[in-house]
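The following exercises call for close reading of a sequence together with its three-dimensional model.

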Amino acid sequence: MKILVVGSGGREHAIIRKLKESPKVDKIYAAPGNGGISRDAECVDINAMDKEKMVEFSKNNKIDLVFVAPDDPLAAGMVDTLTENGIRAFGPCANAAIIESSKVFSKNLMKKYNIPTASYEVFNDPHKVMDYIEAQGKYPVVIKADGLALGKGVIIAQNHDEAQDAVKEIMEDKKFGDSGNNVVVEEFLTGPEVSVLAFTDGKTLKPMVSSKDHKRAYDNDEGLNTGGMGTISPNPYYTPEIAEICRKTIFEPTVAAMNSENRTFKGCLYFGLMITPDGPKVIEYNARFGDPETQVVLPRLKTDFVDIINAVIDGTLNKLDIEWSDEATACVVMASGGYPQAYKKGLEITGLDENGQVSGATVYHAGTKYTDGKFYTNGGRVLGVTASGKTLDEALEKAYSAVEKISFDGVHYRKDIGRTK
C-alpha cells in the first residue's frame, strides 16, 4: 500500500511510525510533514488544508489510503472531498467532525441525549456573558471559544477580572478569530482528567488504552494552557469500573447520538473526561487522534494499524480483536522557550542521530526542520520524547534520561510529567 498522511506534528510522526510497522505498507508520504518525519516518510509540500492538491497528488501517485490527522482539514471536509473523488480516506466527514469544531454543537448534543457533562450556557453577546457569570457568582468558571483554536480556546477564570479579560480576548479582540463569535460558559468540574481515544466505524466502538495529558506550561500545573506538555499511559485513575461506566453512559451513547442526528462518525473519536465526585463527565470531544496522547497510545498497539483503519472505513470493526501491550508509556514534550506565547525558530538541535532519534527512547518530531544533515527547531512544541517500561516509573525514567541527551537554546520541558495529581 501507498499511504498519504495529512499533517505536520508529533501526532502525525507517531501515526507514520506505527504505519511503518505494517507489512502491508510499501511507501508513506506526509503532507506537509516536518524535519523528523522526513526521515520516515517522503514529505510533500502541500498545505494540510489544500483539498484539491491532496486529491491531485493522491490520483497522480496512486495513493491507496489518505489518513487525515489534524482537526482543521477534517472540519473543512477533507475526507468528504477525497471520498467523492474515489480516494479511500480515514477520518470523519465534516458533518461528524462538528463534534469537535463546534463546542456549542457538542454541548447541545450531550444535553439532548443525556450524556454526562458540566452544566453550561451559550452566548453570542459579551455583555450577557458577564451578566450571567456575575449572577452565578461562582469561581473558577470555564469559558470556551465555540470553534477550533489550536487546543487553546479554553480559559479557566479564577475571578471576575480574569473572566472579563477572557471574554474580551475571545469575543472582542477575536484572539481565535471567528471561533470566538459564540462562547460556552461552563461550571468548573473537579477530579482527575482522563483521555480516551476510540476507534469507531459508526456502529461498533473500540476504546484504546487510556492516557493522561498535562496541559499547563509549567510544573505543578501552573502557567498557560498549551497543546500538551506530556502524557502517560495508562491513566492511573481510569479503573476497569470507571471504564465500564464510561462505555455505558458516554462512549456508546455518543456514537448512537451522532447516528440519530444523521452525522455518523467514522474514525478516531477522542473523549476528554473528568472523573468527578458524581462520576465521569465529558469535558470535550475531539474528532481525531489527540496530540500528544497519540505518542503514548499508539506505541502500545500490537494489532496491525492498517487492519484497524480498513475495518473502520469498511464498517467491519466488530470482526476485529484489537490487542494492546501491558507496558506503560511516557512522553515528555521539549518545547521552545516562551511557548505557548512568542518563541524563536531555527535553533540547532543537538543530541539526535541522523534519523532524529536517541537511544533508549523514540523521539516524535513536532516542530522541526531538517537542513544539510542537521535538525532545527521550527515550532512551539519541538519534540515528544517517548519511552516504554514495565511500570510507569520505569517509562518516565527512560524518557527523562533521553531528554537529557538532547538540547537546543532555551529548551523548556516539564520535570513532573506523570507525577502530578
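The model is predicted, so local features need pLDDT of at least 70 and side-chain atom pairs count only at pLDDT 80 or more, while totals for chains, interfaces and linings use all residues. Residues are numbered from 1 along each chain as its sequence is written, and side-chain values use heavy atoms, with hydrogens and water left out.

**Exercise 1. Identify the buried residues of helix α5 (residues 94-101) and state how they are arranged around the axis.**

Step 1. Helices are DSSP runs of H or I with at least four residues, strands are runs of E with at least two, and both are numbered from the N terminus. Buried means under 20% relative accessible area, exposed over 50%, and partly exposed in between (1.4 Å probe, protein chains only).

Step 2. By this criterion Ala96, Ala97, Ile99 and Glu100 are the buried residues of α5. They lie on the same side of α5, because they cover an arc of only 120 degrees around the axis; the arc is that of the directions from the helix axis to the C-beta atoms.

Step 3. An α-helix has 3.6 residues a turn, so residues three or four places apart point the same way.

Step 4. The elements that cover these buried residues include α3 (71-75), α6 (103-112), α9 (240-260), β16 (267-276) and β17 (279-286), where contact means heavy atoms within 4.5 Å.

**Exercise 2. Locate the prolines of the cis peptide bonds from Ala31 to Pro32 and from Ser233 to Pro234.**

Step 1. The Ala31 to Pro32 bond has omega near 0 degrees, and Pro32 is found in strand β2 (residues 27-32).

Step 2. Omega is likewise near 0 degrees from Ser233 to Pro234. Pro234 belongs to the loop between β15 (230-233) and α9.

**Exercise 3. Are Lys62 and Lys174 buried, partly exposed or exposed?**

Step 1. Lys62, a residue other than glycine, has a positive phi near 50 degrees. This lysine lies in the loop between α2 (51-60) and β4 (65-68), and Lys62 is exposed, with a relative accessible area of 62%.

Step 2. Lys174 also has a positive phi, of about 55 degrees. Lys174 lies in the loop between α8 (160-172) and β9 (183-187) and is partly exposed, at 32% relative accessible area.

**Exercise 4. Which strands stand at the edges of the five-strand open sheet?**

Step 1. The order is β12-β15-β18-β23-β20, with antiparallel pairing; two strands pair if DSSP finds at least two bridges between them.

Step 2. β12 (212-213) and β20 (362-365) stand at the edges; each has a single partner strand, so one side of each is left without a neighbour in the sheet.

Step 3. Within the sheet, four bridges join β15 to the antiparallel strand β18 (residues 328-335), and Ile232 stands opposite Ala330 in β18.
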